[in-house]
Amino acid sequence: MSNLWYKDAIIYSMDVENFYDSNGDGIGDFQGLKKQLPYIAGMGFNCIWLMPFFPTPNRDDGYDVMDYFTVDPRYGTLGDFVDFMHAAKELGIRVITDLVVNHTSDQHPWFQAARKDKKSPYRDYYMWSTNKPDNADEGMVFPGVQKTTWTYDRTAKAYYFHRFYEHQPDLNMENPKVREEICRVIGFWLELGVSGFRVDAAPFILESKTLTDGVADPFSYFKEFREYMVWRRGDAIMLAEANVAMDKIGNYFGQGDLMQMLFNFILNQHLFLALARENAQTLLEAIHLPPPIYHTCQWANFLRNHDELDLGRLSDAQRKEVYQAFGPKKTMQLYDRGIRRRLAPMLDGDPARLRLAYSLLLTTPGTPVIYYGDELGMGEDLSLKERDSVRTVMQWSADRHAGFSTYEKDKLPQDLIDDGPFRYQIVNVESAQRQPDSLLNWMEHAIRVRRECPEFGNGTWTAVETSNVAAFAVCCSSKAGTIVTVHNLSRKPAKVKLDLSDVPFESLTDLLTDGPYKPISKKPNEFTLNPSGYRWIRLHPER
């Protein structure tokens, strides 16, 4: 069996330009990231997911790529990247990077050559139409912002297809030369030490976007990429962004021969619905919705990320409930489906609810992914456009520019939260590290305990009856042992009676709790959880 390191990973998601500026130009860079690696390692993260750092016009936070084979000069050089990778390896941290191959920037040399000459070998790297297709006003990824999926290019004298913004023309995946280029990209970064890729916009890569019927099995594209990747590096992984219906989700895993990991969007959306209702039933239903997956595959669980909180898989009525609880103002909502806020302000900065949410994240079967700054409770800036509201710079200290940069001018090139209850003068790493009861210090402790519990990432799980609709309980078992976790989603105390009659054990030990609880006996296991309370309980086997 291959090395399933990703099942024991705690992934830290971050953007180089917003993390730490080493040279005082106001933009984060790889030398700055290298300097702050001890912080990441000290928190217990053992894998970093880097968002795009390639040359870009930067009209979509780097997801409009101009060159797949180097580093944007704002962040340093390719040598700086290699230096960072070496330092990460020394600290036991793996790195995965974004694989953004559904589209390129319209400034990419491929597209520029394609639009200027119909006979160019790059012309068929993209999709063209002499006339605007009838369905051009359907299927936009960014409704309310994006007006069409086909845009006319005067130089090419034709329309080109783009699922995302008009400056991001889609690549023609049916062209084998395009797939060869993607394999070259994969191979290049594997040679520089990365442990895999987060596959951006995976469902759109599979679409037949030409005016033909396309290929019989578009999932063969993923198999082609996966085979190439594991030939180059056997333990490399692909983590796909695929927010699709449950009857299609299994196709992305295949028989363990396609994606090793998928983000668990359905669980994410129902978790927020459960928090809004303060009722665990919707969460219990959600963990049973995904199909069984191959034993080498894994779910990636998350609370918030660099995009909006997408609620598109909920019903209209359910979405309204989540909006009302966590994003009631129109300025907090986006694309008619999501919320553009960070977790801490969504939960009103309530320490108990924040710990509850992260306790759920760390114990729900799968691999946890945490967005930079969320570990200390950073907020958002709703005055910024679209998803930029949650993409502000890391808040290191109360010093000028949040300790992120020594930039001499008053206003940073990057966005900085300097107003309101989540401003950097209040919420920052330096201050949080000095406060024993801070979210940051709680997170460090909780992550350490989680890493000592391989059951969560590798085990099998079953829901446990609790006799209380507010309580969510799961039993995780593996060769390492058995752990039961119980969470109270209500802001009121909850009486819980655990039915552990099917699990043989001798005694129980609390591993992590929200406060002191009386030891619980073998049977019956009845106790009261604090408001937003939780217990991680190890079951010791009978001798």
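Which residues of the largest nonpolar core touch the most other members? The legends below begin with that view.

**View 1. The largest nonpolar core and the surroundings of Phe 84.** The model is predicted: local features need pLDDT of at least 70 and side-chain atom pairs count only at pLDDT 80 or more, whereas totals for chains, interfaces and linings use all residues. Residues are numbered from 1 along each chain as its sequence is written, and side-chain values use heavy atoms, with hydrogens and water left out. A nonpolar core is a set of buried Ala, Val, Leu, Ile, Met, Phe, Trp, Tyr and Cys residues joined through side-chain atoms within 4.5 Å. Buried denotes under 20% relative accessible area, exposed over 50%, and partly exposed in between (1.4 Å probe, protein chains only). Tyr 39, Leu 50 and Phe 84 touch the most other members among the 159 residues of the largest core. Neighbours within four places in sequence aside, Phe 84 is in contact (heavy atoms within 4.5 Å) with Phe 30, Leu 33, Lys 34, Leu 37, Ile 48, Leu 50 and Val 95. A second, separate core has 18 residues, including Cys 475 and Leu 539.

**View 2. The buried residue Arg 391.** Arg 391 belongs to the loop between β14 (367-371) and α14 (429-434); helices (H or I, at least four residues) and strands (E, at least two) are DSSP runs, numbered from the N terminus. The relative accessible area of Arg 391 is 5%. Its side chain makes a polar contact with the side chain of Asp 61 (3.3 Å) and reaches the backbone oxygen of His 306 at 2.8 Å. A polar contact is a pair of N or O atoms within 3.5 Å; within protein, one must be able to donate a hydrogen and the other to accept it, and residues adjacent in sequence count only if both atoms are side-chain atoms.

**View 3. Cysteines Cys 297 and Cys 476.** A search of the whole structure finds 0 disulfides, a disulfide being a pair of cysteine sulfur atoms within 2.5 Å. The sulfur of Cys 297 is too far for a bond because the closest cysteine sulfur, in Cys 47, is 17 Å away. For Cys 476, the closest cysteine sulfur is in Cys 475, at 6.9 Å, also too far for a bond.

**View 4. Positive phi at Asp 336 and Ala 402.** Asp 336, not a glycine, has a positive phi of about 60°. This residue is found in the loop between β12 (333-334) and β13 (338-339) and is exposed, at 62% relative accessible area. Ala 402 has a positive phi near 60°, lies in the loop between β14 and α14, and is buried at 0% relative accessibility.
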